[in-house]
Amino acid sequence: MKYFKKLNTIFYKHQEYQRWCSILEDIKAVLELLELSADEQLWQEVQSNLTQLQQELETEEIRQLLSDPHDQKGALLTITAEVDGADAQYWVSMLLQMYWRWGKSHNYQLDVVEISEGNEAGIKYAT
């Protein structure tokens, strides 16, 4: 079963690579046509294909960065207001909210382990 999963992964990556090559070939062909005559529709097609390819490559880059077996394990994030003041503490609370929403939207299990409320407003630190 383990080898089948590896083979399936290799097959999927090969298909993905072939698709990217196909997109690049399409872009190349359209650019050659654009050299002959300027066409707004063709130009928009090139831009659309480039944007699609860029997004897919960025997604793959992140997938590769997070492909280590240890990446499936949990992590701790601590946000700290290094200076004592309402603005810094408020910023920590905003960051905590943003990370919390991002984690929830990506279906991560989240827990606040430790939190220290600020003197004036916001949060001094949170883990």
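In which helix is the place of Leu65? Please take me through that part.

Reply: Leu65 sits in helix 2, which covers residues 40–65. Keep in mind that this is a predicted model.

Start with the helix as a whole. Helix 2 is 26 residues long. From its first C-alpha to its last, helix 2 spans 37 Å. That is close to the 38 Å expected at 1.5 Å a residue.

Now look at its start. There, a side-chain oxygen of Asp39 comes to within 3.1 Å of the backbone nitrogen of Gln41.

Next, follow the buried residues. In helix 2 these are Leu42, Val46, Asn49, Leu53, Glu56 and Glu60. What covers them includes helix 1, residues 2–36. An α-helix has 3.6 residues a turn, so residues three or four places apart point the same way.

Glu60 forms a salt bridge with Lys13, and their closest N and O atoms are 3.5 Å apart. Glu60 belongs to helix 2 and Lys13 to helix 1, so this pair ties together parts that lie 47 residues apart in sequence. Lys13 itself is partly exposed, at 33% relative accessibility.

Arg63 comes next. Arg63 forms a salt bridge with Glu16, with the closest N and O atoms 3.6 Å apart. Arg63 is in helix 2 and Glu16 is in helix 1, so here too the pair ties together parts 47 residues apart in sequence. Arg63 is partly exposed, at 38% relative accessibility. Glu16 is buried, at 13%.

Arg63 also forms a salt bridge with Glu60. The closest N and O atoms of that pair are 2.6 Å apart. Both residues lie in helix 2, three residues apart, or about one turn of the helix.

Lys13, Glu16, Glu60 and Arg63 are linked in a network of salt bridges. A search of the whole structure finds four salt bridges.

Finally, return to Leu65. Leu65 has a relative accessible area of 62%, so it is exposed. With Ile62 and Leu66, Leu65 makes a nonpolar surface patch of about 330 Å².

To recap, helix 2 holds buried residues such as Leu53, while Leu65 is exposed. Salt bridges join Glu60 to Lys13 and Arg63 to Glu16.

Methods. Residues numbered from 1 in each chain as written. Predicted model: local features only at pLDDT ≥ 70, side-chain atom pairs only at ≥ 80, totals over all residues. Heavy atoms only, no water. Patch = residues over 30% accessible without salt bridge, like charges linked within 9 Å, V, L, I, M, F, W, Y side chains within 5 Å. Areas by Shrake-Rupley, 256 points an atom, 1.4 Å probe, with all protein chains shown as cover. Salt bridge = Lys/Arg side-chain N within 4 Å of Asp/Glu carboxyl O. Helix = DSSP H or I, 4+ residues; strand = E, 2+ residues; numbered from the N terminus. Buried < 20%, exposed > 50% of the residue type's maximum accessible area, 1.4 Å probe, protein only. Expected span 1.5 Å × (residues − 1). Contact = heavy atoms within 4.5 Å. Polar contact = N/O pair within 3.5 Å; in protein donor to acceptor, adjacent residues only side chain to side chain.
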